[in-house]
Structures are given as C-alpha cells and as structure tokens.
Amino acid sequence: MQFEVWAPQADRVTLRCDDATRALARDPSRPGWWSGEAEARDGSRYGFALDDGPVLPDPRSRRQPDGPDGLSAVVDHGRYTWRADWDGRPLPGAVLYELHVGTYTREGTLDAAAERLGHLVELGVTHVELMPLCAFPGRHGWGYDGVSLWAVHEPYGGPEALKRFVDRAHELGLGVVLDVVHNHLGPSGNHLPAFGPYFTETHHTPWGAAVNLDAPGSDEVRAFLVDSALAWLRDYRLDGLRLDAVHALRDTRACHFLEELSAAVDALADEAGRPLFLVGESDLNDPRLITPRAEHGLGLRAQWNDDFHHALHTALTGESQGYYADFARAPFASLAKTLSGGFFHDGTYSSFRGRRHGRPLDRARVPGHRLLGYGQTHDQVGNRARGDRLSHSLTPGLLACAATLTLTAPFTPMLFMGEEWAAGTPWQFFTDHTDPELAEAVRRGRRREFAAHGWAEEDVPDPQDPATRDRSCLDWSEPEREPHARVLAWYRRLVALRAAQPDLTDPDLADIKVAYDEEARWLAFRRGDVRVAVNLGKEAAAIPLGTGGLRVLAAWDPVEAPGADGQLLVPGESCVVLTQD
C-alpha cells in the first residue's frame, strides 16, 4: 500500500505501520511530500515520525480508533456494500433538519440515530444536516473542536457507522448534509503544526492563528481542506456540506478559497452524476457568497440567514440585548423587511457592530432558496446560558406561529432537532476535554462570559459535567403526549403544505407582499395564491386580507375564511394559512 504525507520542514520521515517501520523518500515531483510502500490492510495502525520526534497520526487519517492522539487506521472504503440506489436530492424545495448525533438519542451514536430516521420521514423533511463528526478528544461535545478533519468521531461509531447512517437515510429518501469546520481546529489533539505551515500568524481569528489560506505553503493547506471536503462527499455519499463561520476564513488571494472549493464540488457533482451543494454560515450579509462564479461570486448554493432568526426571535420574545437591539426597535417591520428582502442589515447601521453592515440582495437575481430561514439552531439555543429553547418561554400558540413563519417563508427552512414537538429538554453547551487545565479554563470562561450579563455562577451549567450533556438528550416519550403531540402535528401539516403548494417553494423574493401592525402584533403576507397570517398578540385580531374567495388550508385554532369585508379574525397567539380558490 502507498503511504504519503506532506511534511516540508522535515529532514527525515519514518512510517510506522503495525509492527514495521520504514523510511519514506522525498517525492521528486511534489515538493514537501514523502512517500513509500508498506504492507497494510483495512484496520492497520500507522503513523509518521518526523526526524527524531514521536509517531504522530496522519493529517489525512480516515480513522482514529483511539482518538486524535492515537495512531491512525487504514480504511478501505471499497469494503462497504452500498444498498441504496441514490440519485441525490437538490437544495431548491428542501426542508433541512439540524441534528446532533450525540444528543439526538441517549445512546449518542450514528446507529441509534439511524433507528430514529423514520420520525423525520413522517415529519416530511428532505435533508438531515448533521453537526460536525470529525474526531475530537473525549466522548461528548458539540463537534466544533474537531482536529482530525478526515476522520469520523469514533464514539459515534466511526466510518462504517456513518456509511450505514447515510445508506439508511437514502433508502428512506432523505438527503444528508454534514457540517464541516475549516476556520479553526480544536485546542487539544491538533498535530498539524508539527507537519507544516497549516496555520499562519499573518491573520488572527477568535481561536488564535488563522488557518493558512494565503501565506507561504497555503497551496497545500487549501488542497488539504478541499480534498477533505471532497472525501466526505465522495466516500460517504453525502449530498452537501455546511461550512462553519466562513467569515472567519482569512484569505487575501485573488481566487478565494471558497471559490476554489465550490468549483471542486461542482466538478465532483458532474463526475458523480448527482447534485451536491455547499451552504455557508456567514456573518457578512454579502450576496457575493451565494452568487454564481460565472457572475463573479463565490458560488455557494446557499447561506444561513441569521437576520430572519433575529427578527423572528425579537417579535416572539421581546428580547433586545446584544445583536437583537436593532431588530427589537420595530420587530414586525424587521420581520417584514427580511421576508421580502432577505437581509435586514443590507448596508444599514448596526449598533451591535458600531458601523454599517451588509449589502442589499438583488431580489431579481437571487432566489429565496439561497437563504436558509430558521427559528432555532444549535447556536441560538446552545449559546444561551441555560440552553433554553423557545418552548421554555413561549406558549404552544406562539410556537405554532414561529413554525408557520419559518415553513411558509420564501427561504429554505431548517428546523433544529426537537423543536418540531416543542421539546422540553434544553440543549446546553457541553464538553469532554481530557486535558484538566483546558477543561477548567473552559468552565471558568463560560461562567465568566455569562456573569458579565448578570447570571449567577451556579445558574450556568458546568460544560464538563456529564449531566449537562445528558440533560440535552431528546426525550422521545414527549411526542406522544400533549402539548407536544399537537405541536408536532402542526409541523407535519406545515411541511406537507409546503410540498403541496407550489407558491410556497416559489424562489421569487420580489413576489412576496407583507403587511403588519406593530402595535396589534400581527403580520400577514402573500405568496402567489397563498396567504399567511400570524397573530402574536394575546387578543384576537382582525387582519385585512381582501376579498376573493379565500379558503383555509390550515389553522392552529378554528377560524372562518374572510367574509365580504375581507377581514380574517385570528385568535390571539394563533396562525392561519389560506389559499385563493
């Protein structure tokens, strides 16, 4: 078997494979690369020693059976026999479901999660978006401290378990998207700096030195990340990738890393004969991210739209701290602007940032499905002090309103696991750092962060306490009892309506018409023949929808279609979807 590694600063590289060692030779055709042959099979343990240093895992390791600090293991991807005949599922028309493997079930494994995929089929979503699976030290964590960017976290089941999960999802008609992190590596178990200039002091990020995308040696670092992304899509038959915090990718080169990555993914899609897509998380509100490369954009298919979340959250809760402040001044106006224009901050002043922020979307050129809309995500729940969901503070009626706005908006909807039944379990920040000093630093840092906002130390869960993770696991008995069952039925109805009504997947942002009353706390909008009305106030509201033979498609509470006066009477904290006959 051929082994190779990029180690441009080493004078000698030795391969240790099972019980044998051998010196690797410089590759004359690729500067900095070392290669050589050795006997190996699926499961063979191996690593590389640079000069007189210790044996380290392969930077491109496909498996780390003993964690990121242990030896790598050979993975023969050809050994797995795929069952599903899968042609792919594109992003337009999709409904995504964000899922954390470690807390979706009490077992916290890919196999256990696969056993629950039938629930998502009944819900009607089209794609599962898995939070990061890359290997990290310890057993439990959110996944954003991954350090082995090609390997599946072993406690989740390793590479074979991911293949079984994807295979089962595809058999059920579900696409699978994976969240990957290119902007930083975790603080423990990261051996990349020993091999080469994977990081640079030229730029700094919230995590320290930036991933090297534009300094000397960056050609190989970019190839490392691009090849990793393609490996996930190819070897595990994934349908797309979510790219974490792309605004933290520091790259001054003429061809941005994201443009290079999107071109490579499109080429793989052509080769594989099925649609593949990239979704970026970006804080920039820059339409160039989702503009096709042919139009001088970066070519991602879609991006998360936090502006929609913030407008919706302030309208529902009245919260106004931090980045909610600008939205909270007139939450219904903010919501109307995001529904019809995509971004709220489109060059407007952001008090949170102390400057103007964003750029307008060209509604005539940018289809609505290029923006993901959501009422809850892992970030927006887990980064609260207690990890409290909307269901912890809102009535079922307001939760139904939030679902209605999310699932009938012109964006690609995304749900966060458990929201569909108003889960009573929190989703808290939890870690399992094996380094005691790092564990204590994270614990103190978390409590110090929230103390600055008035939280008592004892009210902030200890991230290292196993109970914090355990509290965050979904309770699968909840969907069978009230009020959870009624909320779940409403989500199912809305997802089914979205699939059945072409107007609800129409990507034309310019076609949506919005009306609202800030004081009465209602909002209504029209998409083609469909009308949507939500009343967030406690009292019933008469909402003018006009005459024209409207018929109720779905209502949280019983309502009559508008009469001759065109007024729709919506009970307090309720919502209605109608169509024109």
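**Close-up views of a predicted model**

**View 1. Helix 12, its length and its burial.** In this predicted model, helix 12 comprises the 13 residues 396-408 and spans 18 Å between its first and last C-alpha, which is close to the 18 Å expected at 1.5 Å a residue. Twelve of these 13 residues are buried, so helix 12 is largely enclosed by the rest of the structure; buried here stands for a relative accessible area under 20%. The buried set consists of G397, L398, L399, A400, C401, A402, A403, T404, L405, T406, L407 and T408.

**View 2. The packing of helix 6 against helix 7.** Helix 6, formed by residues 218-235, and helix 7, formed by residues 257-272, pack at an angle of about 35°, and their axes lie 10 Å apart. The crossing in which helix 6 passes helix 7 is right-handed. On the side of helix 6, the contact is made by R222, L225, V226, A229, L230, L233 and R234, while helix 7 contributes F257, E260, L261, A264, V265 and L268. An α-helix has 3.6 residues a turn, so residues three or four places apart point the same way.

View 3. Eight strands form a closed barrel in the order 9-10-13-16-17-18-21-22, and their pairing is parallel. On average, and with direction ignored, neighbouring strands of this sheet are turned by 30° against each other. Helix 4, residues 158-171, packs on the sheet, where it touches strand 10 (127-130) and strand 13 (175-180), and the direction of helix 4 makes about 140° with that of strand 13.

View 4. Strand 18, which covers residues 302-304, pairs in the parallel sense with strand 21, which covers residues 371-373, and the pairing extends over two bridges. Within this pair, Q303 has L371 of strand 21 as its bridge partner.

**View 5. Strand 29 and its two antiparallel pairings.** Strand 29, residues 574-580, is mostly covered, with six of its seven residues buried. Strand 25 (residues 530-535) pairs with strand 29 in the antiparallel sense over six bridges, and in this pairing N535 stands opposite S574 of strand 29. Strand 27 (residues 550-555) is likewise paired with strand 29 in the antiparallel sense, here over five bridges, and R551 stands opposite T579 of strand 29.

Conventions: Residues numbered from 1 in each chain as written. Predicted model: local features only at pLDDT ≥ 70, side-chain atom pairs only at ≥ 80, totals over all residues. Heavy atoms only, no water. Axes fitted to C-alpha atoms, helices over the stretch in contact; angles between N-to-C directions. Helix = DSSP H or I, 4+ residues; strand = E, 2+ residues; numbered from the N terminus. Left-handed = near helix turned anticlockwise from the far one by under 90°. Contact = heavy atoms within 4.5 Å. Expected span 1.5 Å × (residues − 1). Buried < 20%, exposed > 50% of the residue type's maximum accessible area, 1.4 Å probe, protein only. Pairing = 2+ DSSP bridges.
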